[in-house]
Amino acid sequence: MEHPENDSQYKGLKVNQGIVDAPTVNPYLKKRVQRKRYTTSEFVEGILKGNITILSQAVTLVESARQEHQQVAQEIIEKCLPHAGKSIRIGITGVPGAGKSTSIDAFGMHLINKGRKLAVLAIDPSSERSKGSILGDKTRMEALSKEKSAFIRPSPSAGSLGGVARKTRETIVLCEAAGFDTIFVETVGVGQSETAVHSMVDFFLLIQLAGTGDELQGIKRGIMEMADGIIINKADGDNIEKAKLAATQFRNALHLFPPSESGWSPKVLTYSGYYNIGIKEIWDMVGEYIEFTQKNGYFNHKRNEQAKYWMYESINDTLRNKFYHNPAVERQLGETERQVLNNEISSFVAAKRMIDLFLSNIDKPEI
């Protein structure tokens with residue numbers, strides 16, 4: 001815009017043009033690309049074609065707590081279900097520091113070099129205070145994370161083990177539909193996570209350490225009863241003899257347990273995940289187990305039992321969710337809790353009252 005002071009009537013006065021203001025945003029900065037929103041059919045088509053990007057977004061929908069995301073996720077799972085069930089599912093557990101992630105890296109590369117496609121679902125423990133998770137297992141799977149034939153998905157436990165376990169099982173279905181023929185499920189390594197993972201895999205592998213003073217603790221824990229194979233990690237250097245001794249102790253301990261339902265006798269092997277020693281023998285053992293259980297019919301029997309188990313678990317989760325989100329229950333729960341704490345009513349009477357209240361107000365609209 002021309003300054004009026006530059007008009008000819010103003011002699012000896014001239015105002016120069018100002019400088020155009022620089023943009024506040026870097027002009028070379030690209031606008032953020034909006035993620036495409038896929039329809040259910042596009043999700044299913046992409047998953048069946050093995051598109052990792054679409055598979056990842058579908059898993060995010062499965063893990064989401066939003067109702068609209070859950071509805072889409074369930075539709076995707078239902079359409080993928082006929083294409084699932086063709087993989088070998090392996091649960092991997094062990095105490096923190098046993099080398100689970102490093103071992104998975106070694107195991108995975110061994111399988112990929114044999115032409116397999118591998119999906120790794122790692123349940124990462126969440127902080128009780130911040131509720132956050134590092135999701136750092138992928139950093140310890142350096143070789144595997146670079147492979148196109150591998151899909152690594154860490155998921156936060158977020159304080160709800162049952163919920164994570166259900167979502168992990170649903171993620172298995174999507175991975176199988178995407179063409180992954182081997183699924184690893186790595187547990188948190190503490191508490192009840194082993195039981196949850198055991199209920200969704202074909203082979204349960206327990207990783208132990210030697211020379212840490214944990215041999216007797218490992219024998220005492222009920223985890224050994226679930227293991228189809230026990231492997232002693234870090235059997236290298238000066239630790240080889242300790243690993244052999246630990247393996248002998250575990251073999252002797254296994255004789256104290258009743259025979260497994262599958263008829264399989266769990267084996268104890270030593271290996272080194274860091275130096276890739278004994279990896280082939282471990283996968284020969286897994287292959288032997290799969291062949292053994294497929295021949296005697298236990299493989300399909302176990303999968304049927306797992307499907308039935310997860311049906312009842314889903315019923316329990318849905319009922320619990322509906323109970324705590326019922327408006328009448330939400331209004332009365334605090335007062336009932338106060339009565340229990342003041343010894344006005346017993347815990348059992350309080351529970352019965354709340355359940356009766358819930359049953360009498362099911363699906364009633366909030367006033």
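The dialogue below asks how some labels on this predicted model are reached.

Me: How do you know which features to count, and how are residues numbered?
Reply: Residues are numbered from 1 along each chain as its sequence is written. In this predicted model, local features need pLDDT of at least 70 and side-chain atom pairs count only at pLDDT 80 or more, while totals for chains, interfaces and linings use all residues, and side-chain values use heavy atoms, with hydrogens and water left out.

Me: Happy to start with the overview: how many helices and strands are there in the chain?
Reply: The chain has 13 helices and 7 strands. These are DSSP runs numbered from the N terminus (helices: H or I, at least four residues; strands: E, at least two).

Me: Why is S103 called buried?
Reply: Buried means under 20% relative accessible area, exposed means over 50%, and partly exposed is in between (1.4 Å probe, protein chains only). S103 has a relative accessible area of 0%, so it counts as buried. This serine sits in helix α4 (residues 100-112). Across the chain of 367 residues, 43% count as buried.

Me: And what does S103 touch?
Reply: Leaving out residues up to four places away in sequence, S103 touches I207, N233, Y271 and G273. A contact means heavy atoms within 4.5 Å. Among contacts in the chain with a separation of 6 or more, residues 24 or more positions apart account for 73%.

Me: What makes S272 buried or exposed?
Reply: Its relative accessible area is 1%, so S272 is buried. S272 lies in the loop between β7 (267-270) and α10 (279-296). With residues up to four places away in sequence not counted, S272 touches N233, K234, A235, D236, I277 and I279.

Me: Which residues of α9 are buried?
Reply: They are A243, A246, A247, F250, A253 and L254. These residues cover an arc of only 125° around the axis, so they are on the same side of α9. The arc is taken from the directions from the helix axis to the C-beta atoms. E241 and L245, on the other side of α9, are exposed.

Me: How do you know that the buried residues of α3 line one face?
Reply: The buried residues of α3 are Q70, A73, I76, I77 and C80. Seen down the axis, they fall within an arc of 125°, so they line one face of α3. The face turned away from that buried side carries the exposed residues Q67 and E78. As for length, α3 (residues 67-80) has 14 residues and reaches 20 Å from its first C-alpha to its last, close to the 20 Å expected.

Me: What makes K352 and D356 a salt bridge, and where do they lie?
Reply: The closest N and O atoms of K352 and D356 are 2.9 Å apart. Both lie in helix α13 (residues 347-360), 4 residues apart, about one turn of the helix. K352 counts as exposed at 53% relative accessibility, whereas D356 is partly exposed at 38%.

Me: How do you know that K308 and E305 are about one helical turn apart?
Reply: They are 3 residues apart in helix α11, so about one helical turn separates K308 and E305. Their side chains meet in a salt bridge at 3.6 Å, N to O. K308 is partly exposed at 42%, and E305 is partly exposed at 36%.

Note on methods: A salt bridge is a side-chain nitrogen of Lys or Arg within 4 Å of a carboxyl oxygen of Asp or Glu. The expected span of a helix is 1.5 Å times one less than its number of residues.
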